[in-house]
Amino acid sequence: VLFQIFDAFKPRLHDSNSKVNQAALEAMHRMIPLLKDNLSPVINMLIPAIVDNNLNSKNPGIYTAATNVIQALCQHLDTSLLLQPFCTKAQFLSGKAKQDLTEKLA
């Protein structure tokens, strides 16, 4: 069931409509403390959707929402679940997104 929910939710995390995109990131931020480690089966699907475009967004609302989601993941999930997906994403990012994710890894 979790996969079905997040398969439907994931496209909203990088929606072309910035208001939808930001609302999805803010909703994700609110969900993380409730779901915590139960997100582990879908974390490899979620990290790219959260990070791609959003951490390099010129829209300050989207960038802030994305950094809040990353922070919430680090606070509420077992960090060992985040290590591999963060490392994988950090290898292929550029600019501020690479810097932000590398700081989280450190």
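The following paragraphs describe the fold of a predicted model of a protein chain, and then turn to selected helices, residues and side-chain pairs.

The protein chain contains six helices and zero strands, and its elements, read from the N terminus, follow the order α-α-α-α-α-α. The radius of gyration is 13 Å, close to the 13 Å that the globule rule gives for 106 residues, so the protein chain is as compact as a globular protein of that length. The C-alpha trace spans about 35 × 30 × 20 Å along its principal axes.

Helix H1 comprises residues 2–9 and holds both Phe-6 and Phe-9, which are three residues apart, about one turn of the helix. A search of the whole structure finds one aromatic pair. This pair is formed by Phe-6 and Phe-9, whose ring centres are 6.0 Å apart and whose planes meet at 90°, so the arrangement is classed as edge-to-face. Both Phe-6 and Phe-9 are buried.

Helix H2, which covers residues 18–35, has 18 residues and reaches 25 Å from its first C-alpha to its last, a span close to the 26 Å expected at 1.5 Å a residue.

The loop between H2 and H3 contains Pro-41, a residue that is partly exposed, with a relative accessible area of 46%. When residues up to four places away in sequence are not counted, Pro-41 touches Leu-2 and Phe-3. Although Pro-41 and Phe-3 are separated by 38 residues in sequence, their C-alpha atoms are 7.8 Å apart in space.

Further along the protein chain, Asp-100 is found in helix H6, which consists of residues 95–105. Asp-100 is buried, with a relative accessible area of 12%, a value that falls under the 20% limit for that class. Leaving aside residues up to four places away in sequence, the residues touched by Asp-100 are Leu-55, Tyr-63 and Thr-67.

The cysteines were examined for disulfides, and, with a disulfide taken as a pair of cysteine sulfur atoms within 2.5 Å, the count comes to zero. For Cys-74, the closest cysteine sulfur is that of Cys-87, and because the distance between the two is 12 Å, they are too far apart for a bond. Cys-87 is accordingly in no disulfide, its nearest cysteine sulfur being that of Cys-74, 12 Å away. With regard to accessibility, Cys-74 is partly exposed, with a relative accessible area of 23%, and Cys-87 is likewise partly exposed, with a relative accessible area of 30%.

Notes:
Residues numbered from 1 in each chain as written. Predicted model: local features only at pLDDT ≥ 70, side-chain atom pairs only at ≥ 80, totals over all residues. Heavy atoms only, no water. Buried < 20%, exposed > 50% of the residue type's maximum accessible area, 1.4 Å probe, protein only. Phe/Tyr/Trp six-rings, centres within 6.5 Å; stacked < 30°, edge-to-face > 60°. Helix = DSSP H or I, 4+ residues; strand = E, 2+ residues; numbered from the N terminus. Contact = heavy atoms within 4.5 Å. Expected span 1.5 Å × (residues − 1). Rg over C-alpha atoms; globule rule 2.2 N^0.38 Å.
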